[in-house]
Amino acid sequence: MILFDWGTYNALSRLSATATLGMKLTEVPPYEFSRRSRDEDYFRRYAEFAREAFTTVTAHAPYYNVVSRDRDVMERSWRALLAAARKAKLAGAEIFNLHLGWRAYMDHRDIELAGEFLKKLAAEASPMIVSVEVPYTKRMLGLWDEVKALREMVGGDKLIVSVQLENVWMLETGASETGDFEAANRMATKEYWMGVLEKALGLSEKFLSLRFSQVIGFALGSRILKKRVPLGKGYPNLEPLAKALAEFMVRRVRARGLELRMHVIYTGVPATKYKDTIQLYAAIMREAVEHL
């Protein structure tokens, strides 16, 4: 019995190497949907290989703001995301993950327009499930309560939360506002992560979808932005997270027979992503064995 699926993002050309390393999940990366050379046959060939080699295939939407004050710009973004969803289905994806992007109005209109689009996306993406990432700053859409509201608008069987763990950490500890990553790192205890995972479970159905990479912060004007770095070179610390993931997966989900497929997707920098993905998996499983 698989405890959780694990892997990283891959173009078609890298699927063989990824499968050889034993990863059980692959994700179609966002840039694949923007390349003109990626025709429908490319995504069909992706599905053909992935079907034989992996237990889970996901897709990450290209980065477009879902809401804009310019209706033409917004509708072009919507069309591009709907087209990407169609390609993701051809690639055999079961989950279509996206960032909602920056707020345009800073009021109820943002969530209403996001809901309008996500209804269209869920219909286009079916039978895939749409997952919405929690952002690292309140200036972006997708806060916990907003994902809950969007699930009520779209349907909980069609839309789930996607937890980019370092995003949630930056958001909840205030690191995205203060830039004090050291202080935020001290808050990221095993107990803290258990609370995050419990919130994720409450906004999930069929899949418990988790993502992780370590980051550092930098200032751009008044904004604190994140930069992904190789595992072991940034924040938050992996050890308490690995302990929480292992205990939660074994005792909270598996032992209680919850009907969820769990996965952890490594989303770090390309140069070290394969080594880092294996290290992340090993760190979690070293802790999981204590509970099995």
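Q: What makes F33, Y42, F43 and F96 a cluster in this predicted model?
A: Ring pairs link F33, Y42, F43 and F96 into a cluster, and rings count as a pair if their centres lie within 6.5 Å.

Q: How many aromatic pairs does a search of the whole structure find?
A: The search finds 9 aromatic pairs.

Q: Why is the aromatic pair of W6 and Y281 called stacked?
A: The centres of W6 and Y281 are 4.1 Å apart, with 15° between the planes; because planes under 30 degrees apart count as stacked, the pair of W6 and Y281 is given that name. The pair also links distant parts of the chain, since W6 is in strand β1 (residues 5-9) and Y281 in helix α11 (residues 273-288), 275 residues apart.

Q: Why is the aromatic pair of Y42 and F43 called edge-to-face?
A: For Y42 and F43 the distance is 5.3 Å centre to centre and the angle between the planes is 85°; because an angle over 60 degrees counts as edge-to-face, that term applies to the pair of Y42 and F43. Both Y42 and F43 are buried.

Q: Why does W6 count as buried?
A: The relative accessibility of W6 is 8%, and buried means under 20%, so W6 belongs to that class.

Q: Which residues line the largest cavity?
A: W102 and R223 are among the lining residues of the largest cavity, together with Y136, T137, R139, I224 and L225. The volume of this cavity is about 30 Å³, and by class its lining has 4 nonpolar, 1 polar and 2 charged residues.

Q: Which residues lie nearest the centre of the largest pocket?
A: Y63, H99, W102, Y136 and M140 lie nearest the centre, out of 13 residues that line the largest pocket. About 290 Å³ of space lies in this pocket, and its lining has 7 nonpolar, 4 polar and 2 charged residues.

Q: Why is S131 called buried?
A: S131, in strand β5 (residues 129-133), has a relative accessible area of 0%; because buried means under 20%, S131 is called buried. Leaving out residues up to four places away in sequence, S131 touches I95, F96, N97, L98, I160, V161 and S162.

Q: Why is M106 called exposed?
A: The relative accessible area of M106 is 58%, and exposed means over 50%, so M106 is called exposed. M106 lies in the loop between β4 (95-98) and α4, and its phi is near 60°, a positive value in a residue other than glycine.

Key
Residues numbered from 1 in each chain as written. Predicted model: local features only at pLDDT ≥ 70, side-chain atom pairs only at ≥ 80, totals over all residues. Heavy atoms only, no water. 1 Å grid on protein atoms, 1.4 Å probe; cavity = no way out; pocket = protein on both sides within 12 Å on 5 of 7 lines; lining within 4 Å. Points joined across faces, edges and corners; volume = space filled by probe spheres on them. Nonpolar A, V, L, I, M, F, W, Y, C, P; charged D, E, K, R; others polar. Phe/Tyr/Trp six-rings, centres within 6.5 Å; stacked < 30°, edge-to-face > 60°. Helix = DSSP H or I, 4+ residues; strand = E, 2+ residues; numbered from the N terminus. Buried < 20%, exposed > 50% of the residue type's maximum accessible area, 1.4 Å probe, protein only. Contact = heavy atoms within 4.5 Å.
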